[in-house]
Amino acid sequence: MSLNTRIVTLLLLAFIPMAQAEIVFKVAYENASQYPYYVGDSSEVLNPKPGAAVELVKLLEQNIANFKVELVRFPWKQCLLKLKKGEIDGTFNGSFTKPRLDVGTYPWKNGAVDTTRRLTTISYHFYRLKNSNFSWDGNKISGLISTVGIPLAYSIKGDLGRMGVNTLSARDIQTNFSNLLRGKVGALALQDVTGDFHIKRKSGLKSIEKVHPALITKPYYLMLSKQFQNEHPELSETIWNKIALLREEVLPELID
């Protein structure tokens, strides 16, 4: 090869774009059912139907080039701890609280969390024994003779605390229901998608009923680790933008 040919070849190679390396996005969700968003009280990612939110997050692979989603499951408190340490890149479904800004990041706009880029919306309801005097009128509680049971590390603890309500956290929903049935708590505060699902499916819970109206309704997000956002700021925005689009375009179908 002549010197001129070699120079031309090197110049041509300089203008050929290098293939972009695939980014593996490790994202966690809770190892307990939150029907229909994720199913199975298990540390395994179930197939072929792991839940609507899980399938939505997995669809990011088809909507972002050179992007691979790796799914894992842990107890929710552990999901948040791993996110803070940067051991995972993201977690869902997480509602917004100010203390969680020390844990990870949310889609942001004009100095506040951007609700338009939420993954979904979920309501909390109280649950009580059918013979209970507990009631909720949308403003105040009456007939509560003890504490309210809640899931461990859920944001509802802060909401109830601001209402002056004492809470007892449990690691899993079965323990919460058991505490209510045994009189250890006077009511439960649960996401209704989870509470309704368990009451419908489990015969031992027929003495428990849902209280109306809703306690609170919240948007839920795919949270990203600070480490991931710092390393991939533009990709982080793309992820949240795609989540918003997929929520509108495919989430209702996935839930059905």
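Predicted model: local features only at pLDDT ≥ 70, side-chain atom pairs only at ≥ 80, totals over all residues.
1. Largest pocket, volume and centre. The space in the largest pocket comes to about 330 Å³. Its lining is made up of 20 residues, and those closest to the centre are Glu 30, Ala 32, Arg 171, Asp 172 and Ile 173.

2. Largest pocket, contributing elements. Two or more lining residues come from each of helix H4 (76-85), helix H6 (173-181), strand E11 (187-191) and helix H7 (192-201). Of these, H6 gives the most, with three residues.

3. Largest pocket, residue classes. The lining divides into eight nonpolar, seven polar and five charged residues.

4. Second largest pocket, volume and centre. For the second largest pocket, the volume is about 270 Å³. Here 14 residues form the lining, and Leu 80, Arg 100, Ala 153, Tyr 154 and Ser 155 are the ones nearest the centre.

5. Second largest pocket, contributing elements. H4 and helix H5 (156-162) are the elements that supply two or more residues to this lining. The largest share, three residues, belongs to H4.

6. Second largest pocket, residue classes. Counted by class, this lining holds seven nonpolar, four polar and three charged residues.

7. An element to check in both places. Helix H4 gives two or more residues to the lining of the largest pocket, and H4 also gives three residues to the lining of the second largest pocket. Which element gives the most to the lining of the largest pocket? That element is H6.

Terms used. Residues numbered from 1 in each chain as written. Heavy atoms only, no water. 1 Å grid on protein atoms, 1.4 Å probe; cavity = no way out; pocket = protein on both sides within 12 Å on 5 of 7 lines; lining within 4 Å. Points joined across faces, edges and corners; volume = space filled by probe spheres on them. Helix = DSSP H or I, 4+ residues; strand = E, 2+ residues; numbered from the N terminus. Nonpolar A, V, L, I, M, F, W, Y, C, P; charged D, E, K, R; others polar.
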